[in-house]
Amino acid sequence: MSEGLIDLTWWKLAIGAALVVALAVVTHLGRLGLSRDLLIAATRMVIQLAIIGFVLETLFAVAALHWVALMAIVMLLLAGREVMSRQKRRMTGGWAFAIGTGSMFISAFAVTIFALAVVIGPAPWYTPQYAIPLLGMLLGNTMTGVALGMDRLTDSTWRQRQVIEGRLMLGQTWSQAIGDLRRDAMRSGMIPIINGMAAAGVVSLPGMMTGQILAGSPPALAVKYQVLVFLLIAVGTGFGTAAAVMAASRRLFDERQRLRLDRIGAQGTQG
Amino acid sequence: MACHTEAGGDGLAAAQDTAASTPAPRRNRLVLGGISVGPLHDVSLEIEPGEIVCISGESGSGKTRLLRAIADLEPHRGEAAIGADRRAAVAAHCWRGWVMLVPAESSWWGDTVLEHFLDPVPGSLAAFGLDEEALDWEISRLSSGEKQRLAVLRALSHEPRALLLDEPTANLDPDLARAVEAWLRDYARRECMPVLWVAHDRGQIERVADRHFAIRGERLEEHPCRRD
């Protein structure tokens, strides 16, 4: 498959870097005020990818289950941290991290293992060349869904406290009182993947498929993989967001079904 | 709502039959035991069926928080019961459906008034100076006075056993306020419903209260009422 692959030498990367530097110079001269961020982000990207490249090379060479599992857990924890940092008003007491990480664990992990064991079936099932990229794509997308869903839920609960309590006062259960907000939160978590699927191949060529084609894979096979990945991502994001939104909305009420906004930390300006 | 299966209907009637055949109105006596919330400490009060108890106090004295605590909307110490039902023994949403709080500022989430209502009490719309078509009105077009009156009627349409009113006539002009007072007064008597009514207008308290308490520091202080 890799016969047609053109090797990228280091000096070719240097040309790409030079282009970014040129862009930074232009934005600096034009006082557009982005050059610093741009250069920092580009440098970070190069370093991070270089490290992950090294880690993957080592991991592929060893290919032992416990190393793959360790890598997966590190990825999960980093994703959990990212979910937490994307909350405008995060739940206090470590719940933002716990709910985010927990729901990604039961969705992204489960779907990845299912796909490896049942659908793709490499031998052994944890072969890192398949397991790690697949998990990465699932975690990345699930993370977006979970973060958006939780952020929307806590933020709108904060803003609509009066409505929620007004419904409680009329004798509604906590679940009825927050039902509308929960639906909105679920929706905002799922919109990116739904839009992504709708636009796939028409507006945008998905990155993974493009990469596979560049790597010399026949387009038909690349398309099949991409379809599989899209479906898995939709399932993973859906379950992950649903779990996170359900757990978070439950946590917003106590055992007497009182709305407990003190469980959301006030961050930034008051709503 | 799940309340009927959990605590309403037969189960409740059976429980009360065993409780030495209490006369029907006693079922709805509202009892507060040692409630502490915000500045208030150890508030105990019994409101008989059909009785209106007014509470007054300066802003920040904890009137609203007391009502919220009774409706179990915020953490606090103390207990409450309506008739034979202890609050701790029933699901929170059932309790709030029985002991219903009407806040000073009502909230509305649907597009029309009707979505928030069960069947309104017959004749109540007219008594509150509202058209019969008021139920079809859009929420976004309601004035604050209309919202306030409709909020009380909305609460009554859910058939509570007791009512907690937080300044229910604050946005109404005096004539309308009097009409609403008088109707609520009759309604509470007729339905044997205990009412805890937060008010600050002395005239209103004179007109509606069977008993009147003013908040002094952390306690309630009973003031004499003209009527018994």
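Predicted model: local features only at pLDDT ≥ 70, side-chain atom pairs only at ≥ 80, totals over all residues.
## Backbone exceptions in chain B

Although B:Cys192 is not a glycine, its phi is positive, at about 55 degrees.

A positive phi also occurs at B:Asp72, another residue other than glycine, with a value near 65 degrees. B:Asp72 belongs to the loop between helix H3 (63–70) and strand E4 (77–82) of chain B. Its surroundings hold 22 C-beta neighbours inside 10 Å, and B:Asp72 therefore counts as buried.

## Chain B as a whole

Chain B contains eight helices and ten strands. Of its 228 residues, 37% are buried. Among the contacts in chain B with a separation of 6 or more, 71% join residues 24 or more positions apart.

Strand E1 (residues 30–37) of chain B includes B:Val37. This residue has 19 C-beta neighbours inside 10 Å and so counts as partly exposed. Beyond its neighbours within four places in sequence, B:Val37 is in contact with B:Gly62, B:Arg65, B:Leu66, B:Ala69, B:Glu74 and B:His76. Between B:Val37 and B:Pro168 there are 131 residues of sequence separation, and the C-alpha to C-alpha distance is 22 Å.

## The largest nonpolar core

The largest nonpolar core has 106 residues, and the members touching the most others are B:Val99, B:Leu164 and B:Trp197. Helix H5 (residues 128–159) of chain A provides the largest share of this core, with 13 residues.

With residues up to four places away in sequence left out, B:Val99 touches B:Leu30, B:Ile70, B:Ala71, B:Ile82, B:Pro160, B:Arg161, B:Ala162 and B:Leu164.

## Where the two chains meet

On the side of chain B, 18 residues are in contact with 13 residues of chain A. Helix H4 (92–98) and strand E6 (99–102) of chain B each contribute at least two residues to the side of chain B that touches chain A. The largest share of that side, four residues, comes from H4(B). Sorted by class, the side of chain B that touches chain A consists of ten nonpolar, five polar and three charged residues.

Chain A is divided into domain 1 (1–62) and domain 2 (65–263). The centres of these two domains of chain A, taken over C-alpha atoms, are 28 Å apart.

Two packed helices are described by the angle between their axes and the distance between the axes. For helix H2 (residues 35–62) of chain A and H5(A), the axes come within 10 Å and cross at roughly 140 degrees. H2(A) and H5(A) are therefore oblique to each other. A:Leu56, A:Leu59 and A:Phe60 of H2(A) make the contact with A:Pro128, A:Gln129 and A:Ile132 of H5(A). This contact of H2(A) with H5(A) has five nonpolar residues, one polar residue and no charged residues.

## A cis peptide bond in chain A

The peptide bond from A:Ala123 to A:Pro124 is cis, and its omega is near -10 degrees. A:Pro124 is located in the loop between helix H4 (95–120) and H5 of chain A.

Technical notes: Residues numbered from 1 in each chain as written. Chains lettered and ligands numbered in written order. Contact = placed C-beta atoms within 7 Å. Nonpolar A, V, L, I, M, F, W, Y, C, P; charged D, E, K, R; others polar. Buried ≥ 20, exposed ≤ 12 C-beta atoms within 10 Å, placed from the backbone. Core = buried A, V, L, I, M, F, W, Y, C linked by C-beta atoms within 7 Å. Domains from an automatic or database assignment. Axes fitted to C-alpha atoms, helices over the stretch in contact; angles between N-to-C directions. Parallel < 35°, antiparallel > 145°, perpendicular 65-115°, else oblique.
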